[in-house]
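I opened my notebook to look up a few things in this structure. Here are my entries, in short sentences.

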Amino acid sequence: MCSLKNKNAVLFDMDGVLYDSMPHHVAAWTRTFADFGMHMAPCDVYMNEGCTGSYTISKVSLEQRGREATAREVEEIYAHKAEIFRTMPEVGIMPGALELMWKVKACGLQILIVTGSGQKALIERVLRDFDGFITRERMVTSFDVSRGKPFPDPYLKGLAIAGVDASEAVVIENAPLGVHAGVAAGIDTIAVNTGPLPDEVLLREGPCMLFHSMPELAGCWNELMK
């Protein structure tokens with residue numbers, strides 16, 4: 001259990017935390033790899049959630065074709081995935097996300113988003129759906145770092161933007177590799193298991209606590225701040 005009493009910033013992941021978007025990503029990735037003669041099981045999408053698209057594509061290509069994807073292949077494959085994602089019905093805001101945002105803001109904490117996503121449409125939606133809580137300058141996306149999660153770089157960049165030390169921040173993540181990245185950055189990391197993976201998969205990455213939904217976390221937030 002970690003104390004949030006002296007925190008100054010909250011670094012939110014996006015997919016699976018602010019948006020119920022992971023089922024769309026699963027469908028888009030599995031279809032995309034099939035279209036390019038490769039395979040990615042739904043559980044593997046969840047296990048690799050948080051990585052940049054280029055990292056995921058190169059990893060699958062290396063495992064199944066014996067070589068990393070070229071820069072041109074990465075661009076083509078990711079564009080195909082993004083187009084499939086774009087044509088899907090609009091994803092909903094994760095239940096409890098706005099409630100938690102209001103509570104974080106009421107406590108006077110800075111709010112940032114740190115995501116491995118490169119889905120431009122969803123990134124733009126954040127600015128509309130969470131207007132008053134977030135600006136583009138306070139977002140770290142796959143376009144802003146060369147090494148994404150599971151490396152700590154995205155969260156270290158988030159700390160720099162917020163102007164706080166790791167001890168003054170808390171990360172909210174739903175993905176194993178995202179939890180790993182937050183912990184590797186030295187930040188107290190709260191895991192919220194909004195997907196199908198067993199709790200143990202998240203817990204072994206070292207979060208300071210685990211919740212099973214955003215409403216559950218939002219309901220406990222004021223108590224955690226004491």
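Is glutamate 205 buried, partly exposed or exposed? I looked it up: glutamate 205 is partly exposed, at 21% relative accessibility. I noted the cut-offs: buried means under 20% relative accessible area, exposed over 50%, and partly exposed in between, with a 1.4 Å probe and protein chains only.

**Ground rules**

I am working with a predicted model, where local features need pLDDT of at least 70, side-chain atom pairs count only at pLDDT 80 or more, and totals for chains, interfaces and linings use all residues. Residues are numbered from 1 along each chain as its sequence is written, and side-chain values use heavy atoms, with hydrogens and water left out.

**Glutamate 205, continued**

I found glutamate 205 in the loop between α9 (199–203) and β6 (209–211). Helices (H or I, at least four residues) and strands (E, at least two) are DSSP runs, numbered from the N terminus. Not counting residues up to four places away in sequence, glutamate 205 touches Pro176, Val179, His180 and Val183. Contact means heavy atoms within 4.5 Å. I also checked tyrosine 55, which is 150 residues from glutamate 205 along the chain; their C-alpha atoms are separated by 20 Å.

**The whole chain**

I listed 10 helices and six strands for the protein chain. Its radius of gyration is 17 Å, close to the 17 Å that the globule rule gives for 226 residues, so the chain is as compact as a globular protein of that length. The radius is taken over C-alpha atoms, and the rule is 2.2 Å times the number of residues to the power 0.38. The C-alpha atoms fill a box of roughly 55 × 35 × 30 Å along the principal axes. Of the 226 residues, 55% count as buried. I then looked at contacts between residues at least 6 apart in sequence: 67% of them join residues at least 24 apart.

**The core**

I looked for the largest nonpolar core and found 41 residues in it. Such a core is a set of buried Ala, Val, Leu, Ile, Met, Phe, Trp, Tyr and Cys residues joined through side-chain atoms within 4.5 Å. Phe12, Ile172, Ile190 and Trp221 have the most contacts inside it. Helix α10 (residues 214–224) gives the largest share of this core, five residues. I followed isoleucine 190 and, leaving out residues up to four places away in sequence, its contacts include Cys2, Leu4, Ile172, Phe211 and Trp221.

**Leucine 109**

Leucine 109 sits in the loop between α5 (97–106) and β2 (110–114). I read a relative accessible area of 9%, so leucine 109 is buried. Beyond four places in sequence, its contacts include Lys7, Val10, Trp221 and Met225. Lysine 7 is 102 residues away along the chain, yet the two C-alpha atoms are separated by 7.3 Å.

I placed histidine 24 in helix α1 (residues 22–35). Histidine 24 counts as buried, at 18% relative accessibility. Apart from neighbours within four places in sequence, histidine 24 is in contact with Phe85, Met88, Pro89 and Val91. Alanine 121 lies in helix α6 (residues 120–129). Alanine 121 is exposed, with a relative accessible area of 53%.

**A cis bond**

Which kind of peptide bond joins lysine 149 and proline 150? I found a cis bond, with omega about 15 degrees. Most peptide bonds are trans. Proline 150 lies in the loop between β3 (139–140) and α7 (153–162).
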